[in-house]
Protein chains: 2
Amino acid sequence: MAVYTEITDDELFAFVDGYAIGRVLSCKGIAEGVENSNYLLKTETGSFILTLYEKRVSVDDLPFFLGLMTHLAKKNVPCPTPIINNAGNTLGTLCGRPAAIISFLDGLWPKRPTAEHCAGLGEAMANMHLCGADFEIRRENNLSVASWRPLLESCGPRADEVRPGLAGLLAGELDALEKGWPGPGDLPSGVIHADLFPDNVFFQGKELSGLIDYYFACNDCFAYDLAICLNAWCFEPEGSFNITKARRMLTAYRRVRDFSQAELAALPLLARGSAMRFLLTRLYDWLNTPKDALVTPKDPLEYLEKLRFHQGTSGPGAYGLE
Amino acid sequence: MAVYTEITDDELFAFVDGYAIGRVLSCKGIAEGVENSNYLLKTETGSFILTLYEKRVSVDDLPFFLGLMTHLAKKNVPCPTPIINNAGNTLGTLCGRPAAIISFLDGLWPKRPTAEHCAGLGEAMANMHLCGADFEIRRENNLSVASWRPLLESCGPRADEVRPGLAGLLAGELDALEKGWPGPGDLPSGVIHADLFPDNVFFQGKELSGLIDYYFACNDCFAYDLAICLNAWCFEPEGSFNITKARRMLTAYRRVRDFSQAELAALPLLARGSAMRFLLTRLYDWLNTPKDALVTPKDPLEYLEKLRFHQGTSGPGAYGLE
């Protein structure tokens, strides 16, 4: 939960005046998202999300993120649409920061994802992967395998403060991941979301109504997006893996975009890599978040349990596929 | 900023079904308020605030808080109105917690209060004080002078971790406050808000459009509410006291409810007491907030500077009154 930048009224009015969306009625910081400051903006014409991009988001990446949302929304992916300002741009400046106004999507994110939700997610993700195919800007995945060793090294021996032996355990796993990780072109690739956690997926009743928060989106292999979702959606709160949810997600996905045998075979390793990625960024935040920070660091050890599960699987059968 | 309780969709739908406000469209945690979980709830009929009362609010006090809002709203104080559910109540239960739905007020709180804002505040506060006169429930101020010594003792010598010598300095000030503090009946009293910080006061343009968050409201002397606002509104960010803002606030107030010479004379001591109250609760939170808490503790030392200012005044002339 995060609202980092406090906007004065005059700055807000001047910014919103640059759009044809009417007068500001209210503007409230939202307790969701950790990378940016998000506000629920009510104007005479409706509800919007106002986002100020904070330091962790690179300005150079914003044309990719905003362009991707515009691209996907045009193809009817249920995705927030950046609003175009009077100067014809989707990106502006507010309080000295890059800022954008995007459409507000109705819906609720599932606090307790069911197998139905997982099926909805699989279908929508596959559709998003297909619709992103002709998006023209590229962005490398800067949180993929090449980033993990520097991340681990920056945590250093302090990793063992979180759990004794953690640093060594992760170093060993990294060796295996670096050796086995697929190279470019090894697997079907395109634009992936790379952060499709339940709080980024809205439903209205049983219908998926929104895929939001594209600020980790990048070009990478599609199956890695699936691996991230296996970790984010298919473990129960107490730590067990729900194979039914995994099967429903993968089956719904492949009805829209079938995956190759190579993709299927890569899933266990990709799921280990995804667990490593979130474990490392959480570990880094855990060790480096000051007491007075606005963001509550997430428990890195949740992902250690997930990593261990995937280390113990013998193949994609563990995810419910025959 | 705080959202403590995570509501599942089924619980939310069942709760909102108990009101005649239509189907839920969205529900987002708001990054404002520290005592409760607040959500911006959009339904087919409009926008509302859904509040779950967390542990720091006593259930026994809720009839006072909700009743007061209902009472003031009926008298056209710009105040959120608790919505009555199908059973005829304003208080319900959600996720095992007391919960209420209240009306959503448009407006923005002033991030940089001006003298105009202070005048608007003074007028609205006086009106609120008058309108609360015939409210029938009573609630003692449990954060007044009697609470300060136990609070200081619970911080103990750890106060000096925040600033060397702080514990002794506060103990001395407490002696003076306990000796001089007005007794019941010494000053005109009634329902006060007791937490009218800028983020609890909304404006639309120059018009004050809302006084929100009544969860510290209580029976106490009216001048104490003014003293709280002198501290919360009239110091500049760099620490200087803006006498123009104070004069505008007090002058606008007394046009609606004139204050006695005794109230005026008590202001410096009440302002010291108000500084002590917020210093102590912030100090307590500062020393007792775990690293992974959802709330960012506020700097107690801001109120040490304010306390020192009031200690150095020779009378209410320091606040711009002749």
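## Overall picture

Helices here are DSSP runs of H or I with at least four residues, strands are E runs of at least two, and both are numbered from the N terminus. Keep in mind that this is a predicted model.

With that naming in hand, chain A comes out with ten helices and nine strands. Its radius of gyration is 20 Å, close to the 20 Å that the globule rule gives for 322 residues, so chain A is as compact as a globular protein of that length. If you box up the C-alpha atoms along the principal axes, you get roughly 60 × 45 × 35 Å. Take the contacts between residues at least 6 apart in sequence, and 72% of them join residues at least 24 apart.

Where the two meet, domain 1 of chain A puts in 20 residues and domain 2 of chain A puts in 19. On the domain 1 side, the touching residues sort into twelve nonpolar, four polar and four charged.

## The five-stranded sheet

Chain A has an open sheet of five strands, and reading across it the order is β1-β2-β3-β5-β4, with antiparallel pairing. At the edges stand β1 (24–29) and β4 (92–94) of chain A; each has a single partner strand, so one side of each is left without a neighbour in the sheet. On average, neighbouring strands of this sheet are turned by 35° against each other, direction ignored.

A helix sits on this sheet too: α1 (residues 9–16) of chain A packs against it, touching β1, β2 (37–43), β4 and β5 of chain A. The direction of α1 makes about 115° with that of β1(A).

## Strand β3 and its partners

Now for β3(A), which takes up residues 46–52. Five of its seven residues are buried, so β3(A) is largely enclosed by the rest of the structure.

On one side there is β2(A), which forms a hairpin with β3(A), leaving two residues between the strands. The two pair in the antiparallel sense over seven bridges, and L41(A) stands opposite F48(A) of β3(A). Then there is β5(A) (residues 97–103), which pairs with β3(A) in the antiparallel sense over five bridges. F48(A) turns up again here, with S103(A) in β5(A) as its bridge partner. For L52(A), the bridge partner in β5(A) is A99(A).

One last stop is G317(A), which is in the segment after α10 (301–311) of chain A.

Key: Residues are numbered from 1 along each chain as its sequence is written. Chains are lettered from A and ligands numbered from 1 in the order in which they are written. This is a predicted model: local features need pLDDT of at least 70, side-chain atom pairs count only at pLDDT 80 or more; totals for chains, interfaces and linings use all residues. The radius of gyration is taken over C-alpha atoms; the globule rule is 2.2 Å times the number of residues to the power 0.38. Two residues are in contact if their C-beta atoms, placed from the backbone, lie within 7 Å. Ala, Val, Leu, Ile, Met, Phe, Trp, Tyr, Cys and Pro count as nonpolar, Asp, Glu, Lys and Arg as charged, and the others, Gly among them, as polar. Two strands pair if DSSP finds at least two bridges between them. Axes are lines fitted to C-alpha atoms, for helices over the stretch in contact, and angles run from 0 to 180 degrees between N-to-C directions. A residue is buried if 20 or more other C-beta atoms lie within 10 Å of its own, exposed if 12 or fewer, and partly exposed in between; C-beta atoms are placed from the backbone.
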